[in-house]
Amino acid sequence: MIPPSLLHDTQRSFSRRWFMKDCGLSLGSVALTSMLGGQSASAATINPQSPKAPHFPAKAKNVIFLFMGGAPSHIDLFDQKPELIKMDGKNPPAELLKGYRSAFIRPENKLLGGKFPFKKFGKCGMEMAELLPHIGSCADDISLIRSMHTDAFNHAPAQILMSTGSQQFGRPSLGSWVSYGLGSENQNLPAFVVMSSGFKGPSGGNSNWASGFLPSVHDGVSFNSIGEPVLYLSNPKGITRQQQRQTIDAVNFLNHKRFESIGDPEINTRIAAFEMAFRMQDVAPEVTDISLEPEHVQKMYGAQPGKRSFANNCLLARRLIERGVRFVELFHESWDQHGNLVGDLKKNCRDVDQACAALITDLKQRGLLDETLIIWGGEFGRTPMVQGGADGRDHHPNAFTMWLAGGGVKGGFELGKTDELGFNAVEDRVHVHDLNATILHLLGFDHIQLTYRAQGRDFRLTDVHGHVVKKILT
Amino acid sequence: MRITRTAALLLLLPTALRAEVDFATQIQPILSQNCYACHGPDDSALEGGLRLDTQERALKGGDGGKVIVPGDPDASELIKRVTHSDPDEIMPPPVKKKALPPEQVALLKQWIAEGAKWGTHWAFTAPQRPPVPQVKKREWVKNPIDAFVLARLEAQGLSPAEPADATTLLRRLSLDLIGLPPTLEEISAMKSPELEIERLISSPHFGERWGREWLDAARYSDSAGYEKDLARMHHFYRDWVVDATNANMPYDAFVIKQIAGDLLPDATQDDRIATGFLRNSMTNEEGGAKPEQFRIEGIFDRIDAIGKSVLGLTAQCAQCHTHKYDPLTHEEYYGMYAFLNGIEETSLAAHTPAERQTTDRLLAEISIRETQLRQSSPEIEKDYLSWQQQLLALPRTEWHTLELYQLGDSGQKYWPQPDRSIINMGYANTRGTEVFTSSLEIPQIRAARVEVMNDPYLPMNGPGRSTRGTAALSEFVLRAGADPEKIEPLKWTNPVASVNAAETPLDHMRFPNDGNRKPDDRKIGPAAFALDGNEKTAWSNERDAARNNDPAVLTFELAEPFATGGKVHFKYNLVQRHGGYNSDENQTFNLGRLRLSVSATAPNALDQLPPLVLETLLLEPAKRTPQQEQRLFAHWRETQPRFAEITKQIETLYAQVPQPTWALVAAETKQPRETRLFERGDQTQPKHIVKPRVPAFLHPLPAGENPESRLTFAKWLVDPKSPVAARVMVNRIWQAYFGIGLLETSEDFGHQAARPSHPELLDWLACEFMSSGWDRKHMHRLIVGSATYRQSSRLTSELREMDPQNRLLARGPRFRVPAETVRDIQLAASGLLHPVLGGRSVFPPAPAYLFQRPVSYGPKTWDVETDAQRYRRALYTFRFRSVPYPMLTTFDAPNGSVSCVRRTLSTTPLQALVTLNEQVSLEAALALAHRILTDSGTPRETISRAFQRCTARLPDAEELDALEKLYQSALAEADVANAQILLQTYQPVTLDLTKHPLPQLSAATTVARVLLNLDETITKN
């Protein structure tokens, strides 16, 4: 149903008055409020986006997923391995390679030691590469999981697994599940917003944010950090705002007349959709205009209005979360270092480090970090073995690192260990399904109970898997 | 609450019609939904040894004894447990949060009291044609559909709605049958509904509209999916579906051809194209992907698609374990897999009928000239024979084939074959050098040979991987040494190839050097280009469409033999630098399959013959086919200077052969593949061998056929004995007309499915479908001929409360049209539609950034059409799976990654943004404005006609007042500068609107936008 906030739009009622008065028309005996609000009996008119309560009181209300597409090297950034450095140039132990499948390299390629010095950060003394001074400065707000593992070692299937809990395409994405479970706090913006920066687009394409068999209103909506923020958001060129309003008023007037004669409540849903579209046209450009932020805030993120960058997207993510967008996912697909490991990692860290930290700090300062869960990581890790000469690593599903911050996760906490070469996660192993179960838990859902009936059975994000990672919860 | 009451009503209604509880429709769904997860077919999940899915096991009971005492519900443990007050005893266990509602407990009690009679699940029992029910209001009934619907309504105390008015019905028929709104001319020439139905059903647009339904189920797409999401040229399959639908191909043949058309006797190009259904699976060509892994994923996908689209079964569960709800075992899943495991993912050089004709004509003409030449003098025949004899007298070179071992980490996979050739499968780079090592015992090296070979995996059989199956070799670099650590360059000379392209600049449109697609200085040409030390020149086998896919051979010599001293080690650099800049598009020019050999002696003319010519030469003349004979003669002719003139003429003819299309099809592998069951669906855990078999709970394989053939499996799918095939298809046809199928879960007819709203009608239609010879148009005629279909869709408040989804069918269908039809209505109403059929997919306007990084993984080509192609029906819009066309996605079109037999139907603000602001929507608005301004009459009259173009009806006075006043006020307020911008930005490419005064154009556009945005315009009313 149309949210009450819509009915107080003064700008709109200005032109509505014009339409009625100047055109000598009225909406008849039915007042606007009842026209839009009176048909709650029909399932079709229930707003699937209205806020809903989760299974139990939640720690987090919103999510910002920083998806580091391409898969960052855990060994060079988060998981220091002195033994690997010692064994640099040597063969990997044969027993590790039993049954191991690699993508590009021959598994028996030589080992390659970590490329960057590490440092202890924060009061907790969390170890990370010196390349990440800003994220490091937030160590006391972060839960670092060094024992992630996954099932897939090609990008698209692994990303789809991370995003939908399945390597098979066609399932709803995490953001869609959250939108389905919680609805949205803001009826003028989509519940699930996606943005992209970096060298490439995500390997998994739009299936990373598709709603699968959930109603398509739960699809992630792509926002664009330059140009038109949402596809087809701007009025057509040569059409003024007032003309647009006039057009929508006329459309809604005729639609309403149609409703009166045919009685289909779906018509009212469409009227509400046009109203929401108009409001989104008003609201979204303002929301997405990061130049409205004070200069010191822009600086904190390293944002530069008018550019396409991860920093801009982070700042934008905060603005969206502030306005009640439920789930923001930023894809930064730049981490596929088959070669140029050192140079690219330096560049990537420059591109994301400061902005990630600014996001944490900014949300904290605004009192939003407690209710916002931030997740950082890619679809898998990278091999301790070299690819190419001495400056690349291949895909590696057996171990990788992710970190979480905010809404209900411990700060300054390190979970899990890999073996001394960073090859296998060996302690407190966390599978992608476990991560997804934990995210849902933090949002107040039992991942086993959050289901949707499709194709003859109840589906859930975690399929038949998933254990909540209790150790990282506050 | 009202919805629940309606649902309960629906559930309880059959009790009112039948005295006794029906196991299949009333009891089994309760057991399935609540009990089968732990007491069902999956023995690995079984609790307490109790199974409730078969009569025998259920009556036998579990570890704790009997649970059902027929005739005595109170003595039955089953009833005790579902009503128990102790949380440790009650079933289902409280953790499942699924306690049975009292009405279900009552049904279970009644069922046991009536003797606990069993029956199989309704959908797994072949449909029997039920008697057509007697109804009171007989005069309403136009055909048996109506009797079933009315019986239900009368039982409910409801009456059908009045018939829709003639115009509404015409628009409904037109949208339903051809997916386009009626034109003004069609409205004014309107005849009886029966005549209109015949007109529409025989329109070629019928196939476009109904083909689209099937293409969803077939997960049709124009790209490969996954990361690279390479463009495909798959439109022959799409057109086949449209043509077959127009030709009303019986549904059984329609399915058989798509699953096994290649195995039919004398399979035609069309029969093979039909197997494109199997090739709609995604293929992963990202770097490092293992082709075999994704071949297996492809089979899983095919079973999923066949399951949803033909069987109405969600088979996917059984990939990992025995199905929890339906009696499909893990073993049986791999039995079906085994039928499909022999599929070779191949392609053919597809021709349109016109291309076929041209090709045939040219080849016939060439053949005539060859024959004339050969018969023109006895001398020629003599010389030709003596040439053959000279060749045959030559010594045979002894070639030693190198077993190539790939080095490096490029992510390309060169798959070794038993004959020691290697095939570049999966990811193909566009510019790079791949290094291989090998070693061999040979006293000296004098020559090397590269065979460039065919393989069914390669585009149009290869031998290259370009979209034409051609290849280019930039440099031949083979080094050797006695010591593997000291490999040295060899001085190769005298390059000879069996085919030598003329020196040509590289086609910069197919293989662009960068995103600008400007010509660059790379060339292709003769064999010398592979040995000139210049990586900008390459040997290529590319010649003309008729001969591009012939295998080829290159030889090289050493001026001085290289003495090896026994064992020699090689490094071979495969240098290929003639592809485009973007390996995320089809810009590779790689060799597809090659074999490298060396010999101790110099090559002779035999070694340098084209492989197909050599093969013919070595055959006894009597055993050669005429085609082979012609090829041999042609080769000789080409080498004779005295025939230069006729050779030139023949080459001119060859050059005119049209380029065929690389169409993906399925074939059967020569070597059968072994199928093993995968533990938990995990292909790294193969278990025992499984033979082809079909699920035992369905009908048996047709007798008298090879029980292991894919063709038999295809016939089985649509065997008249199938309990599901006909029901599934008629249900989906029904769904397209009424928004919801008679069975709502059209993808799942299993135990978990909801009950059909009209079970007898579903069965009657299924039987009618089969007895009509699977005649789909007959089913369409029946449905649109029914009084049920022709009802007014007006919704009374009573019906809105009682039956919001219109399951009872007390009114006509009314819902928003599918995504494609939204676009088609905009184009048709505005007059922009370019209604030609078939051909390549087209690129209507879309924001360019969608197809560039970082939105798209890699840059994609989306060259927006600048002529009438821009306004083709949405069916023809190019579909990238990873970046689907946004207008279509916004209106719920699936992205083609998996089979979809039921779209969601949403109403969202983003849809409003599309129809209000998107480029083509605006172009349509301007075109409609153009019609308003060029139609004769007053603005009131022309606006009224524009309204009619959008909705088929005339506006009433109040509507027209509003629109006319809108026009007048827009005219008064028109801003010429803005109107100029509007015109510049959105003038349709096929129209010249500059003659209209800008204020009028602006005002008419305002009205046109309103009309095109009406709910009624994009709704079937």
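**Reading strand pairs and an interface**

Mentor: Start with one pair: Ser143(A) stands opposite Phe413(A) in strand S12 of chain A. The model is a predicted one, where local features need pLDDT of at least 70, side-chain atom pairs count only at pLDDT 80 or more, and totals for chains, interfaces and linings use all residues. Residues are numbered from 1 along each chain as its sequence is written, with chains lettered from A and ligands numbered from 1 in the order in which they are written.

Trainee: How many bridges join S4(A) to S12(A)?

Mentor: Two strands pair if DSSP finds at least two bridges between them. Strands (E, at least two residues) and helices (H or I, at least four) are DSSP runs, numbered from the N terminus. Here 3 bridges join S4(A) to S12(A), residues 413–415, and the two run parallel.

Trainee: Which residue is the bridge partner of Ser143(A) in S11(A)?

Mentor: That partner is Leu404(A). S11(A), residues 400–406, runs antiparallel to S4(A), with 5 bridges. S4(A) also pairs with S15(A), residues 430–431, in the parallel sense over 2 bridges, and there Met148(A) stands opposite Val430(A).

Trainee: What order do the strands take in the open sheet of chain B?

Mentor: The order of its 4 strands is S7-S13-S12-S11, with mixed pairing. S7(B), 472–473, and S11(B), 504–505, stand at the edges with a single partner strand each, so one side of each has no neighbour in the sheet. S11(B) pairs with S12(B), residues 523–525, in the antiparallel sense over 2 bridges.

Trainee: How many residues does each chain bring to the contact?

Mentor: Two residues are in contact if their C-beta atoms, placed from the backbone, lie within 7 Å. Chain B brings 78 residues and chain A 72. On the side of chain B that touches chain A, the largest share, 8 residues, comes from helix H29(B).

Trainee: What confidence does the predictor give?

Mentor: pLDDT is its confidence in each residue, from 0 to 100. Chain B averages 93, and 98% of the residues score at least 70. For the complex, the predictor gives an ipTM of 0.89 and a pTM of 0.91.

Methods: pLDDT is the predictor's confidence in each residue, from 0 to 100.
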